[in-house]
Amino acid sequence: NSIWVSTDHDEIEKVAKQFGAQVHRRSPEVSQDSSTSLEAIREFLNHHHEVDIVGNIQATSPCLHPSDLIKVADLIQKEGFDSVFSVVRRHQFRWSEVKKGENKMTEPQNLNPAKRYRRQDWPGELYENGSFYFAKRHLIEKGYLQGGKMAYYEMRAEHSVDIDIDIDWPIAEQRVLSFGYFGKEPLKEVKLLVCSVDGCLTNGRIYVTEDQKEMVSYDYRDIVGIDLLKKRGIEVRLISERDCSKTLSAMQLGCVAKVSATNKLQVLEDWQKDRGLSWKEVAYLGNEESDVECLKKVGMSGVPADACTVAQKAAGYICKSNGGCGAVREFAEHIFLLLEKVNSARKQ
């Protein structure tokens, strides 16, 4: 009936409202590092007596699909369950832990080693995956997210993504591109990548010789990335606020370029219209404040790891590589993952 984002952060509130959600401002008391989701939900209910059922969706599970949530809501609203939570089936053999200094052996927990079977022939076990917890008000007010007439909802393994530690993040990104939900509108292939020269294709440094000639450095991996994009049918165009035409000529990239661009967004809009593309078919790699509006406009946006803070906030993808050190190649690989997602959707 209503969609809320619970936060104590101004930027998160702004983004939530841009996407049509309502915002509940958390109090400092339930915004600590040690605060639980249950504490935040109970505070929310104290301010919203009209709410009878809460579906708590975890932000750390980015592959959750709307169809799953609709089915879970039906379990509570139509089938009378008091609480429903998400699980995933895992095929992992468990053994008892032996702590250091203990004089005992480990024991099997869910298998018989004498009759060990193949894991793919075993039905597996159900584990909570943390994607969501639905519960009625009366349970939450008693301090429970699970209780009463309970049911679990088994999610598909490919949709069960939990970001818990840093190493989970790159895995989650790949899973989202392969299995994530991108809305009802069909995915579009990226057909044009616009890349800022200084700070993306180069590291932003300008070397000046004694005879006042300028030199810049670039990474050969980025040149390979541009070539790979072209081979996949994606045009690459370059943009710069300064006149770097001699530098681009020397690099022999064979790309359309606009130098001395005082209004990057206007250039980008002209190119988009000239090619007859939708914004979802355009990607942009930038790194400066002057790139922010362009990053917000396109369907796929990225910045190098050393981009300025405002550019990082506006981008959908932050590279692990710095500008001039492989960021273009890395962003190209990110685009290729999206293309795989598009092709997979078409086959389905």
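Predicted model: local features only at pLDDT ≥ 70, side-chain atom pairs only at ≥ 80, totals over all residues.
Helices in this description are DSSP runs of H or I covering at least four residues, and they are numbered from the N terminus. Leu-248 and Val-197 are separated by 51 residues in sequence, yet their C-alpha atoms lie 8.9 Å apart in space.

As a whole, the protein contains twelve helices and 14 strands, and its C-alpha trace spans about 80 × 55 × 45 Å along the principal axes. Of its 348 residues, 42% count as buried. The chain is divided into domain 1, made up of residues 52-90 together with 121-165, and domain 2, which covers residues 192-346. The C-alpha centres of domain 1 and domain 2 are 41 Å apart.

Helix α5 runs over residues 168-179 and comprises twelve residues, with a distance of 16 Å between its first and last C-alpha atoms, close to the 16 Å expected at 1.5 Å a residue. The buried residues of α5 are Asp-168, Ala-172 and Leu-177. When α5 is viewed down its axis, these buried residues fall within an arc of 165 degrees, so they line one face of the helix.

Salt bridges were examined next. The structure holds 20 salt bridges. One of them joins Asp-10 to Arg-25, with 3.0 Å between the closest N and O atoms. Asp-10 belongs to helix α1 (residues 10-18) and Arg-25 to strand β2 (residues 22-25), so this pair ties together parts that are 15 residues apart in sequence. Asp-10 counts as exposed at 56% relative accessibility, whereas Arg-25 is partly exposed, with a relative accessible area of 37%. Both residues also take part in a network of salt bridges that links Asp-10, Glu-13, Lys-17 and Arg-25.

A further salt bridge is formed between the side chains of Asp-198 and Arg-242, at an N to O distance of 2.9 Å. Because Asp-198 lies in helix α6 (residues 197-201) and Arg-242 in the loop between β10 (235-239) and α8 (245-251), the pair ties together parts that are 44 residues apart in sequence. Asp-198 and Arg-242 are both buried. The loop between β10 and α8 also carries Glu-241, which forms a salt bridge with Lys-264 in which the closest N and O atoms are 3.9 Å apart. Lys-264 lies in helix α9 (residues 264-275), so its pairing with Glu-241 ties together parts that are 23 residues apart in sequence. Within this pair, Lys-264 is buried, with a relative accessible area of 5%, while Glu-241 is partly exposed, with a relative accessible area of 47%.

A charged residue without such a partner is Glu-43, which is buried yet has no salt bridge. Glu-43 lies in helix α2 (residues 37-47), and the nearest side chain of opposite charge, that of Arg-26, is 6.3 Å away.

Ile-239 lies in strand β10 and counts as buried, at 1% relative accessibility. Although Ile-239 and Val-259 are 20 residues apart in sequence, the distance between their C-alpha atoms is 5.8 Å. Ser-260 is located in the loop between β11 (256-258) and α9 and is partly exposed, with a relative accessible area of 40%. Most residues other than glycine have a negative phi. Ser-260, by contrast, has a positive phi of about 55 degrees although it is not a glycine.

Terms used: Residues numbered from 1 in each chain as written. Heavy atoms only, no water. Domains from an automatic or database assignment. Helix = DSSP H or I, 4+ residues; strand = E, 2+ residues; numbered from the N terminus. Expected span 1.5 Å × (residues − 1). Buried < 20%, exposed > 50% of the residue type's maximum accessible area, 1.4 Å probe, protein only. Arc of directions from axis to C-beta. Lys, Arg positive; Asp, Glu negative; His and termini not counted. Salt bridge = Lys/Arg side-chain N within 4 Å of Asp/Glu carboxyl O.
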